[in-house]
Amino acid sequence: MQAFLQNLVNGMALGGVYALVALGYTMVYGILQFINFAHSEIFMLGAFAGLFLAGYFAGMEPPALMLCVVMVGSMAACMAVGVLAERLAYRPLRSAPRLNVLITAVGVSLLLQNLGQIVFGATPRVFPSVIETVQYHPWPDSDLVLTNIQLIVIAVSAALVLALTLLVHRTKMGTAMRAVSFDIDVASLMGIPTDRIIVFTFLLGSSLAGCAAILYGLCYPKIEPMMGVVIGMKAFVAAVFGGIGSLAGAALGGLVLGLAESFTVYYISSTFRDAIAFALLILVLLIRPSGLFGVTRKEKV
Amino acid sequence: MRKSSNISRLFVLVGLLVAGCTKSGGDANEILFGEYGSMTGSESSFGTSTHRGVEMALDEANAAGGFKGKKFRTISYDDQGKSEEAVTAMTKLITRDKVLLVIGEVASSRSIAAGAIAQQYKIPMISPASTNPKVTQLGNYIFRVCFIDPFQGKVMSRFAFENLKKKKAAILRDIRSDYSVGLADYFIKDFKAQGGEIVTDVAYSSGDIDFKSQLTNIRSAKPDVVFVPGYYTEVGLIARQAKELSLNLPLLGGDGWDSDKLTEIGGDAIVGHYFSNHYSAEDKRPAVVEFIAKYRKRYNETPDSMAVLAFDATLVAVDAVKKAKDLTPASIRDALAATKGVPGVTGEITLNENRDPVKPAVVMKVAGKQRYSYVTTINP
């Protein structure tokens with residue numbers, strides 16, 4: 001029983017990171033109907049930004065403040081990269097066929113990966129322990145251990161998902177975003193500055209990636225230029241699994257994926273760790289093609 | 001207009017053809033060695049250390065006058081820690097650079113991959129630190145200067161059973177590494193033969209970052225020691241996560257742990273655990289003390305066993321070149337096979353009929369940041 005609970009906790013922490021990255025994918029898809037493949041590299045750059053900031057502010061007291069500073073800095077760096085990518089790579093192709101923008105996104109992703117390898121070097125670096133890891137034993141006679149970092153990851157992920165949902169459904173900006181996602185041309189006719197909304201979406205998605213990168217760095221301190229590839233793929237799977245375009249779907253998808261991974265590695269074998277993500281994706285697409293919470297769009301011919 | 005563009009195209013073509021023809025085989029007055037290693041990637045410390053060892057040995061050989069007026073030189077390639085790149089590097093060294101012999105690699109998987117090419121082209125290859133027996137089993141052109149895993153597995157098994165008095169072991173192996181899989185199997189064989197019990201045997205893949213599920217499995221099985229025969233990057237992360245899960249058991253490992261990055265990645269979590277190695281920096285033998293002093297002076301660091309073994313491998317190579325009938329790969333191979341009593345830093349190196357040396361192993365304890373303390377020596 002305690003092994004089950006331990007895997008549950010581990011899976012939730014992993015799922016929290018996936019959920020935050022998946023939210024970035026799903027938001028951009030929701031507004032622009034295109035998958036921003038470069039999102040995983042924005043995540044990677046956020047991790048490196050966090051690495052450098054943590055080195056610069058090393059020894060700052062109290063540690064919680066240092067974590068906040070590093071996180072805000074990383075989010076800012078990610079936002080900058082996201083906006084740059086949008087302005088330089090995606091905006092010129094706004095009216096081009098979907099496929100062209102998709103390929104451009106893949107191109108930006110590859111560019112950032114290889115640029116990262118040249119600039120940062122391919123050797124993995126260690127993310128400094130900004131916060132001291134503390135173990136909690138909730139039940140003294142059980143082996144179950146929770147670390148403060150796992151709790152932080154779960155709490156921050158949940159809070160951000162909630163905040164994002166409130167933003168999209170309760171604020172004027174959120175209404176504008178939803179309008180743009182329904183029909184971009186009509187939205188601009190209604191007086192919504194669509195370019196600004198799109199930039200705002202990228203800012204939001206990228207900042208989530210930055211936050212996810214710092215949380216990831218705290219849990220798994222190995223930082224290298226290709227780290228975004230696997231995480232991005234899994235987060236993308238999570239977003240599609242939960243229904244691409246749906247915020248709740250991305251969050252749930254991330255959680256389910258994290259749990260599935262943890263349980264699969266424990267009860268079956270670690271060789272199926274990555275396979276389970278794709279197996280779930282295939283399953284969901286066969287049964288419910290639009291994903292769990294996805295919106296089935298009817299196209300009028 | 002057309003004519004001039006045709007002529008410019010012709011010039012470009014000729015230019016490319018000329019540029020493609022590089023001078024190969026080296027000058028007549030130099031002896032060309034090749035080297036390949038993982039200078040970047042998760043095992044980057046292996047490649048940089050071996051490169052330094054080779055560099056130092058060749059500089060010393062040249063300072064002593066070279067051989068018959070010829071200077072030694074090495075061409076080095078980075079295989080980025082990937083087997084495919086190791087094969088490419090070996091192919092380049094043999095076919096394009098036309099080296100006389102190749103020194104490399106540390107990781108058994110990459111030695112096996114590239115060694116097949118060396119054997120095919122009949123160019124001698126000396127591995128400084130690959131311990132899986134399959135490496136020299138590739139053929140009579142493949143040599144090594146380190147002990148092999150059937151012995152290394154026994155070393156840690158004996159240490160666990162006799163020194164630490166542990167009877168129940170859990171195994172956590174890297175399923176993508178020939179070294180890790182082989183070493184785990186040899187440990188299991190010997191541990192069971194002594195009467196120990198293997199309570200669980202789980203795996204991970206190199207490149208993985210989350211090991212909590214495997215560690216939870218190990219924790220549930222209640223062993224009293226865990227054998228983690230992997231490479232230092234994953235071992236560091238495993239140690240951290242084991243501590244986070246309150247898995248307070250001794251971790252044991254092999255020479256794949258030996259890197260200055262181990263304590264950087266593992267932090268406090270890796271301190272106090274043990275691993276088997278080829279040499280100890282605390283060894284008081286004059287050869288070791290002298291080598292450490294020279295290495296520290298040049299590179300400002302204490303050498304790890306990869307640097308020492310690469311140095312010894314190069315000594316063996318230079319010795320073979322000097323004893324060979326002529327400067328052809330075939331003659332050098334015969335001289336290598338007859339290697340006897342070469343005074344290496346790790347001890348006297350004599351290669352047996354399998355082209356492996358017979359050497360003792362040391363058990364080291366991780367004492368602190370980039371510090372290992374010597375525990376004991378285990379002889380074959």
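Predicted model: local features only at pLDDT ≥ 70, side-chain atom pairs only at ≥ 80, totals over all residues.
Me: How many residues does helix 6 of chain B have, and what does it reach from its first C-alpha to its last?
Reply: Helix 6 of chain B covers residues 178-193, which is 16 residues, and reaches 23 Å between its first and last C-alpha. That is close to the 22 Å expected at 1.5 Å a residue.

Me: Which residues of helix 6 of chain B are buried?
Reply: The buried residues are B:Asp178, B:Tyr179, B:Ser180, B:Gly182, B:Leu183, B:Ala184, B:Tyr186, B:Phe187, B:Asp190 and B:Phe191.

Me: And what do the buried residues of helix 6 pack against in chain B?
Reply: They pack against two helices of chain B, helix 4 and helix 5 (149-163). They also pack against strand 6 (168-174), strand 7 (197-204) and strand 8 (225-227) of chain B.

Me: Turning to the sheets, what is the order of the seven strands in chain B?
Reply: The seven strands form an open sheet in the order 7-6-8-9-10-13-14, with mixed pairing. Strand 7 and strand 14 (371-378) of chain B each have a single partner strand, so one side of each lacks a neighbour in the sheet. Neighbouring strands of this sheet are turned by 25° against each other on average, direction ignored.

Me: How many bridges join strand 13 to strand 14 of chain B?
Reply: Strand 13 (residues 361-368) and strand 14 of chain B run antiparallel and are joined by seven bridges. B:Gly368 has B:Arg371 in strand 14 of chain B as its bridge partner.

Me: Which strands does helix 5 of chain B touch on that sheet?
Reply: Helix 5 of chain B packs on the sheet and touches strand 6, strand 8, strand 9 (251-253), strand 10 (274-277), strand 13 and strand 14 of chain B. The direction of helix 5 makes about 60° with that of strand 13 of chain B.

Me: What about the open sheet of five strands: what is its order?
Reply: The order is 2-1-3-4-5 in chain B, and the pairing is parallel. At the edges stand strand 2 (71-78) and strand 5 (142-144) of chain B; each has a single partner strand, so one side of each is left without a neighbour in the sheet. The twist averages 25° from one strand to the next.

Me: Over how many bridges do strand 3 and strand 4 of chain B pair?
Reply: Strand 3 (residues 101-103) and strand 4 (residues 125-127) of chain B pair in the parallel sense over two bridges. B:Ile103 stands opposite B:Ile126 in strand 4 of chain B.

Me: Which strands does helix 2 of chain B lie across?
Reply: Helix 2 (residues 44-63) of chain B lies across strand 1 (30-37), strand 2 and strand 3 of chain B. Helix 2 runs at about 170° to strand 2 of chain B.

Me: Now the domains: what does the assignment give for chain B?
Reply: The domain assignment gives domain 1 (30-147 + 285-349) and domain 2 (149-277 + 363-378) of chain B. The C-alpha centres of these two domains lie 28 Å apart. Their contact takes 17 residues from domain 1 and 17 residues from domain 2 of chain B.

Me: Which elements give two or more residues to the domain 1 side of chain B?
Reply: These are helix 4 (108-121) and helix 11 (305-323) of chain B. Helix 4 of chain B gives the largest share of that side, three residues. By class, the side has six nonpolar, seven polar and four charged residues.

Conventions. Residues numbered from 1 in each chain as written. Chains lettered and ligands numbered in written order. Domains from an automatic or database assignment. Contact = placed C-beta atoms within 7 Å. Helix = DSSP H or I, 4+ residues; strand = E, 2+ residues; numbered from the N terminus. Nonpolar A, V, L, I, M, F, W, Y, C, P; charged D, E, K, R; others polar. Expected span 1.5 Å × (residues − 1). Buried ≥ 20, exposed ≤ 12 C-beta atoms within 10 Å, placed from the backbone. Pairing = 2+ DSSP bridges. Axes fitted to C-alpha atoms, helices over the stretch in contact; angles between N-to-C directions.
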